[in-house]
Amino acid sequence: MKAILQSIKPQYCELIAAGKKTIEVRKTKPQIQLPFKCYIYMTKSEDGCYSDWEYPRKQKVIGEYVCDEIVEFTVDEYSDHSYFISDDELAETCLSQEELWDYGKGKILYGWHISNLVIYDKPKELSEFRIIDKEYLTKCPYRSRIYNNPDYTNGALLKGSFVCVDDGEPDFCRGQCKGAKKPLTRPPQSWCYVEGI
């Protein structure tokens, strides 16, 4: 199952852990097949203060869930500064219409459904997660752009894609080879693809 690491504010992490917040609202969504796993990273507190529950989990990966559905929230054309969202879904976000508007400013928002939630007894460090090392891939001698090698795609040109010829037999390069992964050293602004633990 593909995996993503999400940065979430402490107050929302606590609501998720309590089972009150079951929809996480984002401005974007990943281009991967549902369902996928989401690891929850608790960000810094904006005021530097943490609740007793938050403090031992601050700036760590506190748990995981499975995102099994993503719904779109669009602007309600019949109401000023609000989104078309049911009362039940709004309650599941633990946000108000005003907070949604302040966040989305009229652009499409995505509600990631939280299912199969697991909160870790012992939070995990960011360094336990791995991401694709783009610098390594740019220097890899076996990787080249497909449009430079049309024979690998039966004559079709897939601009922007890469092929790997490490084993002699060409295959799409997806950054899965040894050395192409590195430990995550800083949290994403919103979310990023990761290799699970």
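F129 is buried, at a relative accessible area of 0%, where buried means under 20%, exposed over 50%, and partly exposed in between, with a 1.4 Å probe and protein chains only. Please note that this is a predicted model, in which local features need pLDDT of at least 70 and side-chain atom pairs count only at pLDDT 80 or more, while totals for chains, interfaces and linings use all residues. Residues are numbered from 1 along each chain as its sequence is written, and side-chain values use heavy atoms, with hydrogens and water left out.

The structure holds 6 aromatic pairs; rings of Phe, Tyr and Trp (its six-membered ring) pair if their centres lie within 6.5 Å, and planes under 30 degrees apart count as stacked, over 60 as edge-to-face and the rest as tilted. One of them joins F129 to Y39, edge-to-face, at 4.7 Å centre to centre and 65° between the planes. Y39 is also buried, at 2% relative accessibility.

I turn now to Y83 and W101. Their ring centres are 5.6 Å apart and their planes stand at 50°, so this pair is tilted. Both residues are buried. Because Y83 belongs to strand β5 and W101 to helix α3, the pair ties together parts 18 residues apart in sequence; helices (H or I, at least four residues) and strands (E, at least two) are DSSP runs, numbered from the N terminus.

What of helix α3 itself? In α3, residues 97-104, the buried positions are Q97, L100, W101 and G104. Seen down the axis, they fall within an arc of 95°, so they line one face of the helix; the arc is that of the directions from the helix axis to the C-beta atoms. The face turned away carries the exposed residues E98 and D102.
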